[in-house]
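Subject: Structure for you, with notes on helix packing and pockets

Hello,

Here is the structure I promised to send over. My notes follow below it.

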Amino acid sequence: MPIGPARMPLMEHLGELRMRLVRIAVVLIVAIVVFYLAAPTVINILIWPIGEFLPGDEGAKLNVFGSIDPFTIPFKVSFWTSIVATSPFILWQVLAFFLPALKPNERKWFIPTFAAAVALFIFGTLFCYFIILHPAFEWLTAQTNGWGTLVPDASSYIDIIIGFEIGFGVAFELPIVIFYLVIFNIVPYHKLRASWRYVYVVLIIFSACVTPDANPVTMLLLFAALIALYELSLLLARVILARRIKRQREEEEELYGEDDE
């Protein structure tokens, strides 16, 4: 898709922004309609990993209690599914609007990091779907043993599953964040490497905030995944941006040397 020039009059910038927002809105509306029509299938796919924790002789079923829930739940599912499905297009439109402001040597990272961001988000949702949902609901449902009977509410279960999927997808964007912190010299590489203890504390707090339940199992699994991503992203940054990292260290040593004098 075309990318505008770096210098444009204000009204042309606003016109380009409106054009991109209209494209996003049209694509999103079409996707919502399509996924709403396919909502029963999408819901069955969403609850498949937790099927053994749901009652039902003829298959796993959720309970719908509210009179408006038969509409709001499929709409909610279709809306968030559409956001995920169209996220590459939405992200491209947003980034392409700001791309002209970048320097030529910075633009070369746009396409690779865009592709990496999409891949990481998808990997995060798949990791959550195949690895996290089953143990998460196994732990949660086990908490009623001996004192109550769990009645799966469709609205709350769907909210939790969507929260997990979106949360893990966003959390797995950590390597992109670290890459741009280094490439734009916001935080030098060696500071990120030396401050790993503080980063780990931030990651475990972030894991507790992102997971939509109070489940220590899912929090620790996400924390472990984020640590692995953090260490891997630092390793990749060190390999890919070796010259930039060396220059950052030299500039900081010169700055500190001048301060000492």
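Which residues in H3 meet which residues in H7? Asp69, Ile73, Lys76, Val77, Trp80 and Val84 are the H3 side, and they meet Ala154, Ser155, Ile158, Asp159, Ile162 and Ile166 in H7. Contact here means heavy atoms within 4.5 Å.

Before the rest, the ground rules. This is a predicted model, where local features need pLDDT of at least 70 and side-chain atom pairs count only at pLDDT 80 or more, while totals for chains, interfaces and linings use all residues. Residues are numbered from 1 along each chain as its sequence is written, and side-chain values use heavy atoms, with hydrogens and water left out.

**Helix packing**

Helices (H or I, at least four residues) are DSSP runs, numbered from the N terminus. Axes are lines fitted to C-alpha atoms over the stretch in contact, and angles run from 0 to 180 degrees between N-to-C directions.

Back to H3 and H7. Their axes cross at roughly 5° and come within 10 Å. The two helices are therefore roughly parallel. Angles under 35 degrees count as roughly parallel, over 145 as roughly antiparallel, 65 to 115 as roughly perpendicular and the rest as oblique. By class, the contact of H3 with H7 has 8 nonpolar, 1 polar and 3 charged residues. Ala, Val, Leu, Ile, Met, Phe, Trp, Tyr, Cys and Pro count as nonpolar; Asp, Glu, Lys and Arg are charged; the others, Gly among them, are polar.

Next, H6 and H11. They pack at about 150°, with axes 8 Å apart. That pair is therefore roughly antiparallel. H6 brings Phe127, Ile132, Pro135, Ala136 and Trp139 to the contact, and H11 brings Pro216, Val217, Thr218, Leu221 and Ala225. The classes are 9 nonpolar, 1 polar and no charged residues.

H11 (residues 216–240) also packs against H10 (residues 196–210), at an angle of about 140° with the axes 9 Å apart. That makes H10 oblique to H11. From H10, the contact residues include Trp196, Tyr200 and Phe206; from H11, they include Met219, Phe223 and Glu231. This contact divides into 14 nonpolar, 1 polar and 1 charged.

**Pockets**

A pocket is an open set of points on a 1 Å grid over the protein atoms alone, where a 1.4 Å probe fits, with protein on both sides within 12 Å along at least five of seven lines; lining residues have an atom within 4 Å of a point. Volume is the space filled by probe spheres set on the points, which are joined across faces, edges and corners.

The largest pocket holds about 410 Å³ of space. It has 17 lining residues, with Leu46, Thr81, Val84, Thr125 and Glu165 nearest its centre. H2 (39–47), H3 (69–85), H6 (110–142) and H7 (154–171) each give two or more residues to that lining. H3 supplies the largest share, 5 residues. The lining divides into 14 nonpolar, 2 polar and 1 charged.

The second largest pocket has a volume of about 350 Å³. Of its 17 lining residues, Leu91, Leu95, Ala117, Glu173 and Ile176 are closest to the centre. H4 (87–98), H6 and H8 (174–183) each give two or more residues. H6 gives the most, with 6.

Best wishes
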